[in-house]
Amino acid sequence: MNIAKVDLNLLVYLDVLLREGSVTRAANQLSITQPAMSNGLKRLRDLFKDPLLVRTSDGMTPTQRALELQPVIRDVLSRLESSIQPETDFDPATSNRTFRIMTSDYAESTLLLELVGKLASMAPNITLDLITPSDVTFHDVEQGKVDMAINRFEELPLSFHQKVIWYDTFSCVISANHPLVNKWDLESYLSAQHIWVSKTGFGVGVGIDPNEVQKLGWVDAELTKLGKQRDIRVFTRHYHAALQIAKTQNLIATLPSKAAKIFKDDPKVVLKEPPFDIPPIALKMAWSALLHHDVGHIWLRRLISDVATSLGNS
């Protein structure tokens, strides 16, 4: 193949087609007509001597050749974008850029609360658009529509860049008036009623089945290993709601410690170590390869890492 005769725009077409899995959506993403995208796909098929995308019952499915090409083309385009982007086009002090971040309220009330304060002094015109996990898909981050995702992830696509922001232990939040506040052991913990709170990953959540203990997450997984099960009365995806309920009701909230410490100076609340071992959890940030070399994005990632380090030392 003579590379000089290849229309490099076709590589952009293929990159978007493989991400979207649809000629129509790819055309919309590139702001071209559907016939133009269809013609581009025909030319790509001729170029690579492969159908690349085949219509199946699941929609347009990439061939093996297309799957092999996808990471190579994405890397080439990412490097090209990095090479042609001026390195001095981002000044945080004057930038009016908006960064869209998918985050749970655990990260929002701990890490991002501190980040907003830093931005106010370092980059007063930058705007943060904080989006809940239910509003975002893997594709939104992969396509760069969302700058990054900050949450606890059970798994992430291999195409994402990621970094651990911190590891966090667990703490129990109980009302200072709770009858078990001075009798704290595993037996007492299990005799009480509890609040469950979690929202990991991406996408719309589904209802909880209290009987499916193995799907309830870190706390209940460790209790299961001990042959135990707690009595959960409230299921929520909001850490602040769990904290407030624990403060005012005789229910125990077992939460990541950095979230629990929001109430460390509240006389109506007592923080306890769990009466059994729970492994630490990792809070991560993840972002698209398309933004990996963006100078503004690099600046924000470094700032978030610095904020996380300062919180870890406080």
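This is a predicted model: local features need pLDDT of at least 70, side-chain atom pairs count only at pLDDT 80 or more; totals for chains, interfaces and linings use all residues.

Colleague: Which ones are buried in α1?

Modeller: Leu 10, Leu 11, Tyr 13, Leu 14, Asp 15, Val 16, Leu 17, Leu 18, Arg 19 and Glu 20.

Colleague: OK, switching to strands. Which way do the residues of β5 point?

Modeller: β5 is residues 148-151, with Met 148 and Ile 150 pointing one way and Ala 149 and Asn 151 the other. In a regular strand, side chains alternate between the two faces of the sheet.

Colleague: Are those four buried or exposed?

Modeller: All of them are buried.

Colleague: What does β5 pair with?

Modeller: Strand β3 (residues 98-103) pairs with β5 in the parallel sense over three bridges, and Met 102 has Ala 149 as its bridge partner in β5. Strand β12 (residues 281-287) is joined to β5 by three bridges too, but that pair runs antiparallel. There, Asn 151 is partnered with Lys 284 in β12.

Colleague: How about β10, how many of its residues are buried?

Modeller: Six of the six, residues 251-256, so β10 is largely enclosed by the rest of the structure.

Colleague: Which strands does β10 pair with, and in what sense?

Modeller: With β7 (residues 170-175) the pairing is antiparallel over four bridges, and Phe 170 sits opposite Pro 256 in β10. With β8 (residues 193-197) there are three bridges and the strands run parallel; His 194 stands opposite Ile 252 in β10.

Colleague: Last one: where is Val 234, and is it buried or partly exposed?

Modeller: Val 234 is in strand β9, residues 231-236. Its relative accessible area is 26%, so it counts as partly exposed, given that buried means under 20%.

Colleague: How far is Val 234 from His 194?

Modeller: They're 40 residues apart in sequence and 6.9 Å apart in space, C-alpha to C-alpha.

Colleague: What else is Val 234 in contact with?

Modeller: Setting aside neighbours within four places in sequence, Val 234 is in contact with His 194, Ile 195, Trp 196, Ile 245 and Leu 251.

Terms used. Residues are numbered from 1 along each chain as its sequence is written. Side-chain values use heavy atoms; hydrogens and water are left out. Buried means under 20% relative accessible area, exposed over 50%, partly exposed in between (1.4 Å probe, protein chains only). Helices (H or I, at least four residues) and strands (E, at least two) are DSSP runs, numbered from the N terminus. Two strands pair if DSSP finds at least two bridges between them. Contact means heavy atoms within 4.5 Å.
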